[in-house]
Structure formats: structure tokens, C-alpha cells
Amino acid sequence: MPFGHEMPPAVTARLQRMKAREVVLSVRGLCKVFDGPDGGTVALQDISFDTHRREFLCVVGPSGCGKSTLVRTLAGLEDSSAGEILVEGSRVSGPGSDRGMVFQNYTLFPWLTVKRNVMFGVEMGGQPRHAAERTALQWLGLIGLERFAESYPHQLSGGMKQRVAIARALAAQPRVLLMDKPFSALDSQTRARMQAYLLEVWRKVPITIVFITHDLDEAVLLADRILVLKPGPGRMQELLEVPLTRPRGADIVESAGFRRTRRHLHALIHSGAGMAPEDDVPLPNIPLLGMADDPVE
Ligand code: ADP
């Protein structure tokens, strides 16, 4: 039986409404080959999908399946080798303010205050300087960091830096927000808070999000749909719909729908077909280096 046969009617209805909205990001037959000896590396092969206005799409897959290459190509930071990427019908041919980007590593300008970092985003969105400060302060209010307007990034925690990075990206009023493993450098408690926080921001600023993660729980918690990639070469394995209602609180992880989706993803990714060749190599026996008298257990 195909996955999703137990979709609650409210979720089916919400997904139908989502798919009736216009397509914001369209990816058609996308391929990416990195040059190198022996024909190079085919990082992406024939990737095609549409993302609708206000959709939250997560992309998962084992290491090396092309997740980062995909998001970097969508951002215009890498050229595609074949196929096309369209944002609201216009072909992407490089970075542009129609796509905002939040990376795993903190990318705030360290020499600018928090307010000026967000003002940079506002000005990217086309607002003149004199209005940018007011708008930046509104964004800081939305993310609950007005008090830190005059602080510098090094004075903030990792989670706060990512909140500012999200505000800066959204302040430029992109059509799509691209997020490349944005919470993976955070400890698990901060990550959980940031996931809840992102869902809350997304409720207030309904934007299309493409979110790359290797954390299956994170994907199920956040996404409307999940694109599963498989490696060697990186290609589409499945595009599945998450059978969970919104809003989603932390307790959703206990629900049958969450656990079923999580199990399905795990099975896809850890089936032989979904594994990168290097994941197949057995671990060697690692000798205890002089610690035999002091075992960890
Ligand atoms: P993931 O993010 O899923 O771990 P990547 O997109 O980083 O996967 O990598 C996909 C494939 O492309 C891998 O085989 C990787 O070695 C290769 N690759 C990624 N970036 C480059 C690059 N700049 N030059 C050559 N090969 C690359």
C-alpha cells in the first residue's frame, strides 16, 4: 500500500489548497556534474519538482546524495549542467534577491551590529536607507531580539545568530527561503527551540521554504512535503506528503502519523538502494588504545 493511505482528511484538504496555489519554485530536469577525472562526479541527475506558495519542503537523503549541491544550485551559487530552475516563471541564472539563504555556518557580518545586519537585508529588498532602520527594528521585534539591536554577532548565542540570519534573509522579501542544514550546528535543546520558532515565524510570514536537513525528525516536524534523494548519482527517490495537521507542537513526535512517516523515511534511506557506497564499508575493529583497564562502561 502506498505511503500516505492514512492521511487525515484535514491534511488532505490543506495539501490540496497548497497545490492549488501558484508554483513559486519550479525545478525541471536539473543535472549537476562536477568536472574531474573519469568524467567527473554526477552530483544531481534529473531532479524535477514544483514548490507552491507557502509550501514548506524539506529535502533529506544520505550523505553525498546532493542535498547541498541542490540548494547551492537553487541559490545560483553553482551553475547547473542541464535543466532549469524557475522562480515565478523567471529562469535563475545566478544569485538573486528573489531567493533568501540561511546556511549552517553563521554568516552574519561580524563587523555590523545586529540591526545593521538586518538593514542589509532590507536594503537588498529594495528599501531606501532611511526607511530600512525602521523596517529592520520591526523584523527584530518579530524575532524577539530588539534588545540586541546594537549588539554584535559575537555577543549572541548560536541560536540567536540564526534568528538574526533568518530575519536578514526574510527582510529582503525573497519569494523562496533556502535553508541549508541551518540548525545542525546547534545543541539539541536549542535546535528544538529553533524548529518551533521557525514554524512560528513561517505562520506569521507565510513564505515558501526549501529546507535541507539530514535529521529525519526535523523534516517530519517541519515539512508539508519531503523530497528524498538517493546517492550515486544524486537523484529523486520519493516526494512524500507528511500526514500531520498544523500547528505542530513538540508532542507531535509521539503521534502515530509522525512515527509512521519517520519509519518510512528511515527505511527508504537505509535500504541498500539509498545508501552511499562509503556508508556500506564496514567499520574496522578499533583497538583499545591502552584503555583496556579503564573501559567506558
Ligand atoms: P550532501 O549535501 O547530500 O552530503 P553534496 O551535495 O555535498 O551531498 O555532494 C554530492 C556529491 O557531489 C558528492 O559525491 C560530492 O563528493 C560531490 N561534490 C560536491 N561538491 C563538489 C565540488 N565542489 N567538486 C567536486 N565534487 C563535489
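Visitor: Which residues of α5 are buried?
Guide: This is a predicted model. A residue counts as buried if 20 or more other C-beta atoms lie within 10 Å of its own. In α5 that holds for Met 160, Lys 161, Gln 162, Arg 163, Val 164, Ala 165, Ile 166, Ala 167, Arg 168, Ala 169, Leu 170 and Ala 171.

Visitor: What covers the buried residues of α5?
Guide: Helix α5 is mostly covered, with 12 of its 14 residues buried. The elements over these buried residues include two strands, β6 and β7. Helices are there as well, among them α3 (114-124), α4 (129-142) and α6 (188-204).

Visitor: How far does α5 reach from its first C-alpha to its last?
Guide: Helix α5 covers residues 158-171, which makes 14 residues. At 1.5 Å a residue, the expected reach is 20 Å. The model comes close to that, at 20 Å.

Visitor: Which residue just after α5 takes a positive phi?
Guide: Helix α5 ends at residue 171. Just after the helix, a positive phi of about 50° is found at Gln 173.

Visitor: How many residues of α1 are buried?
Guide: Helix α1 takes in residues 9-20, and its end C-alpha atoms are 16 Å apart. That agrees with expectation, because 12 residues at 1.5 Å a residue should span 16 Å. The helix is hardly covered, and its count of buried residues is 0.

Visitor: Is β7 mostly covered or exposed, and how many of its residues are buried?
Guide: Strand β7 (residues 176-180) is mostly covered. On one side, Val 176, Leu 178 and Asp 180 are buried, and on the other Leu 177 and Met 179 are buried.

Visitor: In which sense do β7 and β8 pair, parallel or antiparallel?
Guide: Strands of a sheet pair through backbone hydrogen bonds in one of two senses. Leu 177 has Ile 209 in β8 as its bridge partner. Over 5 bridges, the sense of the pairing between β7 and β8 (residues 208-212) is parallel.

Visitor: Which residue in β7 stands opposite Met 101?
Guide: Strands β6 and β7 pair in the parallel sense over 4 bridges. In this pairing, Met 101 stands opposite Leu 178.

Visitor: Which residue in β10 is the bridge partner of Val 228?
Guide: Strand β9 (residues 225-230) pairs with β10 in the antiparallel sense, over 6 bridges. The β10 partner of Val 228 is Glu 238.

Visitor: Which strands are the edges of the open sheet of 4 strands?
Guide: The order in this sheet is β2-β1-β4-β5, and the pairing is antiparallel. An edge strand pairs on one side only. That describes β2 and β5 (90-91).

Visitor: Which residue in the turn between β1 and β2 has a positive phi?
Guide: Strands β1 (residues 23-34) and β2 (residues 41-52) pair in the antiparallel sense over 8 bridges. Within that pairing, Leu 30 stands opposite Ile 47, and Val 23 stands opposite His 52. The two strands form a hairpin with 6 residues between them, and the turn residue with a positive phi, about 60°, is Asp 38.

Visitor: Which residue in β4 stands opposite Cys 31?
Guide: Strand β1 is also joined to β4 (residues 82-87), by 5 bridges, and the two run antiparallel. Opposite Cys 31 stands Ala 82.

Visitor: Which element gives the most residues to the shell around the ligand?
Guide: The residues around the ligand include Phe 34, Thr 41, Ala 43, Lys 67, Ser 68 and Thr 69. Two or more residues come from each of β2 and α2 (67-75). The top contributor, with 3 residues, is α2.

Visitor: At about what angle to β2 does α2 run?
Guide: Helix α2 lies across β1, β2 and β4. Its angle to β2 is about 60°.

Definitions and conventions:
Residues numbered from 1 in each chain as written. Predicted model: local features only at pLDDT ≥ 70, side-chain atom pairs only at ≥ 80, totals over all residues. Pairing = 2+ DSSP bridges. Near = placed C-beta within 6 Å. Contact = placed C-beta atoms within 7 Å. Axes fitted to C-alpha atoms, helices over the stretch in contact; angles between N-to-C directions. Expected span 1.5 Å × (residues − 1).
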